[in-house]
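Grab a pencil and work through these exercises with the model open beside you. Try each task before you read its solution.

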Amino acid sequence: QLGLIERCIRLWSNPGETVLSPFAGIGSEGYKSILLGRQFIGMELKESYFEATISNLEAAILKTKQGRLL
């Protein structure tokens with residue numbers, strides 16, 4: 001699914017813009033957004049998914065050497 005997510009992000013946003021995922025799950029959209037130079041806002045109710053999201057976003061940030069999560 002990451003390929004489809006990447007395609008959607010490339011089609012409907014530009015580098016530097018913000019991608020919103022109101023149902024973030026494990027953060028797949030955020031992961032790809034960061035790798036593609038976008039900002040990301042995600043919301044997730046389930047704590048275990050939220051923790052997975054944080055791990056995935058930190059991995060993307062380390063991969064791109066953008067800095068750290070705020």
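**Exercise 1. Work out what share of the contacts with a separation of 6 or more comes from residues 24 or more positions apart, then look at the overall build of the chain.**

Step 1. Count contacts (heavy atoms within 4.5 Å): residues 24 or more positions apart account for 41% of those with a separation of 6 or more.

Step 2. Before going on, note what you're looking at: this is a predicted model, where local features need pLDDT of at least 70, side-chain atom pairs count only at pLDDT 80 or more, and totals for chains, interfaces and linings use all residues. Residues are numbered from 1 along each chain as its sequence is written, and side-chain values use heavy atoms, with hydrogens and water left out.

Step 3. List the secondary structure. Using DSSP runs numbered from the N terminus (helices are H or I, at least four residues; strands are E, at least two), you get three helices and two strands. Their order from the N terminus is α-β-α-β-α.

Step 4. Check the dimensions. The C-alpha atoms fill a box of roughly 30 × 25 × 20 Å along the principal axes. A compact globule of 70 residues would have a radius of gyration near 11 Å, and the chain's 11 Å agrees with that. That radius is taken over C-alpha atoms, and the globule rule is 2.2 Å times the number of residues to the power 0.38.

Step 5. The scale is relative accessible area, with buried under 20%, exposed over 50% and partly exposed in between (1.4 Å probe, protein chains only).

**Exercise 2. Describe how helices α1 and α2 pack.**

Step 1. Two packed helices are described by the angle between their axes and the distance between the axes. For α1 (residues 2-12) and α2 (residues 28-35), that's about 55 degrees and 9 Å. Axes here are lines fitted to C-alpha atoms, for helices over the stretch in contact, and angles run from 0 to 180 degrees between N-to-C directions.

Step 2. Classify the angle. Under 35 degrees is roughly parallel, over 145 roughly antiparallel, 65 to 115 roughly perpendicular and the rest oblique, so α1 and α2 are oblique to each other.

Step 3. Find the residues that touch. On α1 they are L2, I5, E6 and I9, and on α2 they are S28, E29, K32 and S33.

Step 4. Look beyond this pair. The buried residues of α2 are G30, Y31, K32, S33 and I34, and they pack against α1, β1 (18-21), β2 (39-42) and α3. Just after α2, G37 takes a positive phi of about 80 degrees.

**Exercise 3. Decide whether S21, V19 and E47 are buried or exposed, and place each one in the fold.**

Step 1. Start with S21 in strand β1. S21 is buried, at 5% relative accessible area. Ignoring neighbours within four places in sequence, S21 contacts E29, F40, I41, G42 and M43.

Step 2. V19 is in strand β1 too, and its 13% relative accessibility makes V19 buried. With neighbours within four places set aside, V19 touches I9, S13, S33, R38, Q39, F40 and I41. V19 and G42 are 23 residues apart in sequence and 8.3 Å apart in space, C-alpha to C-alpha.

Step 3. Finish with E47 in helix α3 (residues 47-64). E47 is exposed, with a relative accessible area of 56%. From E47 to I9 you have 38 residues in sequence and 25 Å in space, C-alpha to C-alpha.
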